[in-house]
Amino acid sequence: MAAGSDHGLKSLVWKRIKETIIADCRKSEVWKILILDPFTAKILSSCCKMSDLMSEKITIVEDLYKSREPVPEMKAIYFMSPTAKCVEAFISDFKTKPKYKAAYVYFTDYCPDDLFTKMKLNCAKYIRVCKEINMSFMPQEAQVFTCDNPGAFQSIYSPKSQDKKKTLETLADQLVTLCATLDEYPGVRYKKDSNMENAKTLAELVDNKLARHYELDDGGKKKGKTQAQLLIVERGFDPVSPILHELTYQAMSYDLIDIQNDTYKYKSKDGSEKQALLNEDDMLWVKLRHKHLAEVSEQIPKMVKEISASKKQPDGKITISNLAQLMKKMPSFRKQLTEKTVHLQLAEDCMRHYSNNVEKLCKAEQDLAVGSDVDGVKVKDPMRTLLPVLLHPYSKHDKVRAVLLYIFSLNGTTDENLNKLIQHVKIEEEREFILNWKELGVPIITSPSFFSRKPSRRDRSQEQTYNLSRWTPYIKDVMEDAVENKLDTKEWPHQSECPAAWNGSGAVSARQKHKASAQDERRTGSRLIIFVIGGISYSEMRSAYEVTHAVKSCQVIIGSSHILTPTSLLDDIKALSNGPMETFTIEERSNA
């Protein structure tokens, strides 16, 4: 798992599952069957392996929706979402001829009374335990979570959406379960926006649901606010970060290479098809994912040499004991070399894209995004920066990204100018890629007299950066300002009373140098939780780790409905013109 994963989200979720579901079942020393819906299967596979379950006396894992062989002599654990579809499937397991000896039922979240009553009526005598364990979010990484709901983007931002309120309610419920798993009762704040109300609505919903949740605490006592703060912000707050070409390893890989479900597919030297999972079980991935490609390309070959060198015997004498030692080391050598080979291949793939066209694009993109060139000279005419990109045979998608950065840099352009740009890029048929950003509250078309103020940025002129990676996501400014208690209350109103740690006492500068012992403070320190409505980018995820690393006394956790890549975001933006989508429940969506 990730560095610091002893208190990372994945290990917290696994610990919670062990303390609730598994601890209950351990009381009877018999092997059991575990039955999951697609959503809970994802949660479990994100935080543990089959061997972990086996060691807890779980013999088999089954899919709730698939037809299963009855095993009437065994007890079954059901870990499922509190939806009508799940409850129906559960009832059908026991209604006529019971498939199992008994059922231990655990819901991810609050189960509505009507479903609960229905279960009791049909299967009461088989149910040994029925609990809600408050865990309906996906621990994506040590400091990143999602609600596993990419469809939320359409539901919230499509002008034709019919389930926006319901979607915000569900996201609020999921956020409450995140806070419950972290055992936090945070102060809630949101980014005020004159055009958009979603952050305010979600902040109200979360705050009310948190108050209700902690009023009904198991111990019968009301929980007070903890040293945590939850900030809610909309995607339109920073349209630049998810559109830019990023040159850090993880963000670049997911942008340029077709990685589905965190699986990287590649051809090995002998031409055979291989695949590797990019997750926190791969310690090398954890070590490299936030580094710039230049560092990654330099470090991996060095590591391969080190491993090869360490395999050789220093004195050259071959003895039986030497050979035995070597044989013992071989599996770990093989594993280490395989890991390095995967990343050597992935870094080479990224480098190939970079050399082909991304390098040239990056200079123009960075100048447009930052508003100045490498030497700090202000970009006076953004059109002169954009034109070479439009004249070069880049892909349509790349040109659209550059045009968007040009428009964002001006805070909107005129109708006439936009039409010229659209003709230039030859996207008359796909103009929604650009126009639909207005649904997110991002100014696209403005009259010449219109003036909108951009948020002021932190001064980073003293920070060391690569020339083609000068842009810093807005969210990093917000994280640092929050930690230093510098967030303006007019821009970030408090939805609820703020805990003492966040109202001026104990402010810590992200630029202060800290003593090594401060590393331990994080466990007892405060937490900053950030939720972005409408998806987060990999560069924003990286920011959470960077700020946590700089400020040892505060852990930053970031989450959203889903994780974006530039391509998936542009496709979502374009789709906002379509009619209303079908509404999915969590596990139907996971099944789709």
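Colleague: Which strands does helix α17 lie across?

Modeller: Please note that the model is a predicted one. Here, helix α17, residues 474-483, lies across β9 (228-234), β12 (526-533) and β13 (554-560). Its direction is at about 150° to β12.

Colleague: Across which strands does helix α19 lie?

Modeller: Helix α19 (residues 538-550) lies across β6, β7 and β13, and runs at about 170° to β13.

Colleague: In what order do the strands of the open sheet stand?

Modeller: The order is β6-β7-β13-β12-β9-β8, making 6 strands with mixed pairing. The edges are β6 (138-141) and β8 (187-190); each has a single partner strand, so one side of each lacks a neighbour in the sheet. On average, neighbouring strands are turned by 25° against each other, direction ignored.

Colleague: In which sense do β6 and β7 pair?

Modeller: β6 pairs with β7 (residues 144-146) in the antiparallel sense, over 3 bridges. Within this pair, Met 138 is opposite Thr 146 of β7.

Colleague: Is helix α14 largely enclosed or left open by the rest of the structure?

Modeller: A residue counts as buried when its relative accessible area is under 20%. In α14, 11 of the 15 residues are buried, so the helix is largely enclosed by the rest of the structure. Among them are Asp 398, Lys 399, Arg 401, Leu 404 and Phe 408.

Colleague: How far does α14 reach, and what follows it?

Modeller: Helix α14 (residues 396-410) reaches 21 Å from its first C-alpha to its last, close to the 21 Å expected at 1.5 Å a residue. Asn 411 follows α14, with a positive phi near 60°.

Conventions: Residues numbered from 1 in each chain as written. Predicted model: local features only at pLDDT ≥ 70, side-chain atom pairs only at ≥ 80, totals over all residues. Heavy atoms only, no water. Pairing = 2+ DSSP bridges. Helix = DSSP H or I, 4+ residues; strand = E, 2+ residues; numbered from the N terminus. Axes fitted to C-alpha atoms, helices over the stretch in contact; angles between N-to-C directions. Contact = heavy atoms within 4.5 Å. Expected span 1.5 Å × (residues − 1). Buried < 20%, exposed > 50% of the residue type's maximum accessible area, 1.4 Å probe, protein only.
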